[in-house]
Amino acid sequence: MARFQVIPEHVVKNEELRDKIVELICDNNFIKKVPPEISTCEQLVRVDVSGNLIKKLPPGVVKLALLEELNCSDNQLKVCANTSLYPEGELIIRCHIANHF
């Protein structure tokens, strides 16, 4: 089974496509970086980048107004997003951040 090393750029940089993305599931690959353009995918409700090699998430990902679930477990994260980054009155319903090495 082939595994991605990057999130395909056309997914987050194509304006027409990114306005339609509701879920981004890129779990269990070899992805090292989440592109900052993910924060322009304003319709995202669920992001799963678990089981990769990610060390840092772009700060804009936690500011997505419709985001309900963020799974970034089993990566190499060194920093967890500060709760002050969340817009007032809006919360991510489920945030999985377990098992970082």
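Trainee: Is Glu 69 buried or exposed, and what is its relative accessible area?

Mentor: Glu 69 falls in the buried class, where buried means under 20% relative accessible area, exposed over 50%, and partly exposed in between (1.4 Å probe, protein chains only). This is a predicted model, in which local features need pLDDT of at least 70 and side-chain atom pairs count only at pLDDT 80 or more, whereas totals for chains, interfaces and linings use all residues. Residues are numbered from 1 along each chain as its sequence is written, and side-chain values use heavy atoms, with hydrogens and water left out. For Glu 69 the relative accessible area is 15%.

Trainee: Which residue forms a salt bridge with Glu 69?

Mentor: A salt bridge here is a side-chain nitrogen of Lys or Arg within 4 Å of a carboxyl oxygen of Asp or Glu. In this pair the closest N and O atoms are 3.8 Å apart. The link joins distant parts of the chain, with Glu 69 in strand β3 (residues 69–71) and its partner in strand β2, 23 residues apart; helices (H or I, at least four residues) and strands (E, at least two) are DSSP runs, numbered from the N terminus. The partner of Glu 69 is Arg 46.

Trainee: Which residues are linked with Arg 46 in a network of salt bridges?

Mentor: Arg 46 also forms a salt bridge with Glu 23, the closest N and O atoms being 4.0 Å apart. Arg 46 lies in strand β2 and Glu 23 in strand β1, so this pair ties together parts that are 23 residues apart in sequence. Both ends are partly exposed, Arg 46 at 26% relative accessibility and Glu 23 at 47%. Linked with Arg 46 in the network are Glu 23, Asp 48 and Glu 69.

Trainee: How many residues apart in sequence are the parts that Lys 13 and Glu 37 tie together?

Mentor: Lys 13 forms a salt bridge with Glu 37, their closest N and O atoms being 3.9 Å apart. Lys 13 lies in helix α1 (residues 9–13) and Glu 37 in the loop between β1 (23–25) and β2, so the separation in sequence is 24 residues.
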